[in-house]
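Subject: Structure handover

Hello,

Here is the structure I promised to pass on. Please open it first, then read the notes below.

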Amino acid sequence: MAMKFVVDMLVDGDRLAMVPFSHEVQNPNEIELQEISAHRKNARDRVDNLQAGGGTLFTPALRKAVDILESRAVEETRKRRGFIIFLSDGECTDTDTDRKLWTTTLCKYQIDTFGFSKFHDPLSLLTIAEASRGTYSFLIQGLDRMREAFARCLGGLNSVVAINIVINLTAAPGLQITSIHSGGYKNQVLKGEISAGRIEIPVLYARETKNFIAHLCVPPINPGGGAGIEKQVLLNADGFFEDPTDTEKKVQVERGELHPGAVDGVNKLVVLQEMVRFKLLGVLKKFREEKLLGELKKMQGEKKPPTQKNFEEWAEWLLRMWEDEKKSCLGFDHADGIVKRFGDEVQEMVNYLKMQDLPGNARLAFVSSWESSHRMERATTMGSPGKVIPAYETPHIKAMVDEAQKPSGATVGPLHPETIIVLPQPPAPAAGPLVSPFTPDARHKSYEDANTIALSKTTTFAPPAADAAAPEGDVGKIDPCKCVDFDMIDKRLDLWSRFMREVPLQFQPSEDAESLHFTTVFRQASLEVINRAMHHDMYLAVVHASNLRRCYNAGKETSKAPPPPVPTKANEH
């Protein structure tokens, strides 16, 4: 059912290849990329005819998937971004030599991995996803809602707006960039007369936000030398990205203005939150690479599975590491709440590791999927369809999940658990300028040491607007960028954002504790109602844009349909 949902959600112009595998690729000479518009029924029939059996070797299937994408013409690879979706329900039996290929020759394309059943191999799937800048999800509960897990991935792949993004950082004269934290995205600190840095992001989805922190070494100001100076530019940022024709586009990074009423403390909280996230990601990476993999490999050599005692020791080790790491953040204003929130999630990981009624692989899966989601800042399914980090779900992903939740009348057999889906994207919209808020301020205090200033950088990409007029000679033809009314979606998002910022200001508490309590309750209740209304409204807007795109792909001329009604006070609440 889930695989057929993917087939049905692809639009004309998309292409698909399915690579069934076990200990080897099944019928490798018969696998090829096919236009979904002409082969949709064939793809559905292939899902019905998949047969389970054999062992579980990942490398031959990954190599076949990469070979399919590499065999395309050069011009085609520039216009279509290739993606791989990798599914497995078994324990990987690849040799160490083959596993090395996962992080070298077989990670050229983004690979999003999915583990199904309680016995899949989470650490292997996470390794593949991490090396290719993809995500790892797993599902062991609610398998009847498997469509939602696929929708969460497909909603991102269907909304790519920029590729091969490079952000260049340049420190002010006399300052040094000491390190950059960018999660799962590659970064580099360049040493020289002028200290510089570089961050690379292969793919960005519509309305997606990425955060990173650059640590600067700032020399102290001489006594009296800083009199009258309130702000100082510490770091400059610019860069470029490519459009689907592989043309470089300059990126202009502009310094954003603070929202009225915002104070310096708000910026500090954003920086602190990102620092705590990166610290926890560092703990999890050390936990996986220095603790789990080494001990598991030793147990595998001795042919001894990990015991309950092993899992309890690992859980306590993870908890101790987190307790030590979080101490460096606890001394700052408002840090307790941020640290507690991440601490609650660490405790949930610990509880999973100690859960006796789950097989060992299923216990490690939750920790791995949580790490993958926060490292890539993308939504992953963590055990059940509804278990996800909401902050990473974009409007397009939410709309796709809503579509997956609709009842389907189709009845099919169980999904073959060992299928690779190779999913090249259709041509994406033309790339546009990157505008990113960045307010370096000398008033940011050090969270590391007296000579370090941590600057939080947020990069948000939105779909660019279509060109105003069609080129001469294309009169009567439908422009795909014009069919998808991203402009309307952006305006609605801005409207909702302004509304959600202003509503809490209507509830101003007095100084007594009871008033503060009721104000908090009213704010939360109001925001819940607004959230529901916003999600419904944005879903209708995305469906409206998708319908226009389908009109284009069907090759029919159509007039621009009126947008859904702008939310009013009656339907906002």
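Which residues of H6 are buried? They are Pro122, Leu123, Ser124, Leu125, Leu126, Ile128, Ala129 and Glu130. Bear in mind that this is a predicted model.

**Helix H6 and its ends**

H6 has 10 residues, and 8 of them are buried, so the helix is largely enclosed by the rest of the structure. Serine 117 is not a glycine, yet its phi is positive, near 85°.

Glutamate 377 sits in the loop that runs between helix H11 (360–376) and strand S13 (382–383). Its relative accessibility is 5%, so glutamate 377 counts as buried.

**Salt bridges**

The model holds 25 salt bridges.

Start with glutamate 130 and arginine 375. Their side chains form a salt bridge, with 3.5 Å from N to O. This pair links distant parts of the chain: glutamate 130 belongs to helix H6, arginine 375 to helix H11, and they are 245 residues apart. Are the two partners buried or exposed? Both glutamate 130 and arginine 375 are buried. They also belong to a network of salt bridges that links Glu130, Lys285, Arg288, Glu289, Glu371 and Arg375.

Next, glutamate 316 and lysine 354. Their closest N and O atoms are 2.6 Å apart in a salt bridge. This pair, too, links distant parts of the chain, 38 residues apart. Glutamate 316 is in helix H9 (residues 308–326), while lysine 354 is in the loop between helix H10 (335–353) and H11. Glutamate 316 is partly exposed, at a relative accessible area of 32%. Lysine 354 is partly exposed as well, at 30%.

Last, glutamate 148 and arginine 145. The salt bridge between their side chains has an N to O distance of 2.8 Å. Glutamate 148 counts as buried, at 5% relative accessibility. Arginine 145 is partly exposed, with a relative accessible area of 38%.

**Helix packing**

Two numbers describe a packed helix pair: the angle between the axes and the distance between them.

H9 and H10: their axes come within 9 Å and cross at roughly 170°. That makes H9 roughly antiparallel to H10, because angles over 145 degrees count that way. From H9, the contact takes in Phe311, Trp314, Ala315, Leu318, Leu319, Trp322 and Lys326. From H10, they meet Val339, Phe342, Gly343, Val346, Gln347, Met349, Val350 and Leu353. By class, the contact of H9 with H10 has 12 nonpolar, 2 polar and 1 charged residues.

H10 and H11: these axes come within 7 Å, crossing at roughly 155°. H10 is therefore roughly antiparallel to H11. H10 supplies Phe342, Glu345, Glu348, Met349, Tyr352 and Leu353. H11 supplies Ala362, Arg363, Leu364, Phe366, Val367, Trp370 and His374. The contact of H10 with H11 divides into 9 nonpolar, 1 polar and 3 charged residues.

H7 and H12: how do helix H7 (residues 146–157) and helix H12 (residues 395–404) pack, and at what angle? The angle is about 150°, with the axes 8 Å apart. H7 and H12 are therefore roughly antiparallel to each other. Their crossing is right-handed. On H7, the contact is made by Arg147, Glu148, Ala151, Arg152, Leu154, Gly155 and Gly156. On H12, it is made by His396, Ile397, Met400, Val401, Glu403 and Ala404. By class, this contact of H7 with H12 has 6 nonpolar, 3 polar and 4 charged residues. Glu148 returns here: it is the buried partner in the salt bridge with arginine 145.

Best regards

Key. Residues numbered from 1 in each chain as written. Predicted model: local features only at pLDDT ≥ 70, side-chain atom pairs only at ≥ 80, totals over all residues. Heavy atoms only, no water. Helix = DSSP H or I, 4+ residues; strand = E, 2+ residues; numbered from the N terminus. Buried < 20%, exposed > 50% of the residue type's maximum accessible area, 1.4 Å probe, protein only. Salt bridge = Lys/Arg side-chain N within 4 Å of Asp/Glu carboxyl O. Axes fitted to C-alpha atoms, helices over the stretch in contact; angles between N-to-C directions. Parallel < 35°, antiparallel > 145°, perpendicular 65-115°, else oblique. Contact = heavy atoms within 4.5 Å. Nonpolar A, V, L, I, M, F, W, Y, C, P; charged D, E, K, R; others polar. Left-handed = near helix turned anticlockwise from the far one by under 90°.
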